[in-house]
Amino acid sequence: MNKIEHIGIAVKDLEKSNKLFAALFGKPNYKIEEVTSEGVKTAFFKSGPNKIELLQATHSESPIAKFIEKKGEGIHHIAFAVSDIVSETKRLQKEGFVVLNETPKKGADNKVVVFLHPKSTNGVLVELCQEIE
Ligand code: ZN
């Protein structure tokens, strides 16, 4: 597992939060992308070497809608860059972590992603992500 690739924040109103985070970082997001399969609309910000992903649900069955219903807005996941997502997923399964999707799926920002269930990671949803070449 390599560096933190980004931190994901669940928001209710992406347009509003885009303005808020643009004011926070002093510059606008560099990308807005909808991931239909996940039921989310995302916006990405850069602050120095760090990346923040804002996620808004696009329908009520979206994992983000359910998260906000339970916990309210806030930090949703921490994403780590990996160089070989398949072997890293296998390694973590062997270590006893609960993997939500064994087969890497297409995420936002040109990545394939695998999620670890928060029940096996002290309540933190962990995303592994690998850049699509
Ligand atoms: Zn993410």
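1. The chain has three helices and eight strands. Helices are DSSP runs of H or I with at least four residues, strands are runs of E with at least two, and both are numbered from the N terminus. From the N terminus on, the order is β-α-β-β-β-α-β-α-β-β-β. The radius of gyration is 14 Å, close to the 14 Å that the globule rule gives for 133 residues, so the chain is as compact as a globular protein of that length. That radius is taken over C-alpha atoms, and the rule is 2.2 Å times the number of residues to the power 0.38.

2. A word on the basis. This is a predicted model, in which local features need pLDDT of at least 70, side-chain atom pairs count only at pLDDT 80 or more, and totals for chains, interfaces and linings use all residues. Residues are numbered from 1 along each chain as its sequence is written, and side-chain values use heavy atoms, with hydrogens and water left out.

3. Overall dimensions and packing. The C-alpha trace spans about 40 × 30 × 25 Å along its principal axes. Buried residues make up 41% of the 133 in the chain. Buried means under 20% relative accessible area, exposed means over 50%, and partly exposed is in between (1.4 Å probe, protein chains only). Take the contacts with a separation of 6 or more: residues 24 or more positions apart account for 52% of them. A contact means heavy atoms within 4.5 Å.

4. Aromatic pairs. The structure holds four of them. F21 and F45 form a tilted pair, 6.1 Å centre to centre with 40 degrees between the planes. This pair links distant parts of the chain: F21 is in helix α1 (residues 14-25) and F45 in strand β3 (residues 40-47), 24 residues apart. Both F21, at 13% relative accessible area, and F45, at 1%, are buried. Rings of Phe, Tyr and Trp (its six-membered ring) pair if their centres lie within 6.5 Å; planes under 30 degrees apart are stacked, over 60 edge-to-face, and the rest tilted.

5. F25 also pairs with F45. The two rings are tilted, at 5.8 Å and 50 degrees. F25 lies in helix α1 and F45 in strand β3, so the pair ties together parts 20 residues apart in sequence. F25 is partly exposed, at 22% relative accessibility. Ring pairs link F21, F25 and F45 into a cluster.

6. Check the backbone at D109 and N110. Most residues other than glycine have a negative phi. D109 has a positive phi of about 60 degrees, and N110 also has a positive phi of about 60 degrees. D109 lies in the loop between β6 (105-106) and β7 (111-116); N110 lies in the loop between β6 and β7 too. D109 is buried at 8% relative accessibility, whereas N110 is partly exposed at 33%.

7. T58 sits in the loop between β4 (50-57) and α2 (63-71). T58 is partly exposed, with 36% relative accessible area. Beyond its neighbours within four places in sequence, T58 contacts E34, G39, V40 and K41. T58 and K41 are 17 residues apart in sequence, yet 6.4 Å apart in space, C-alpha to C-alpha.
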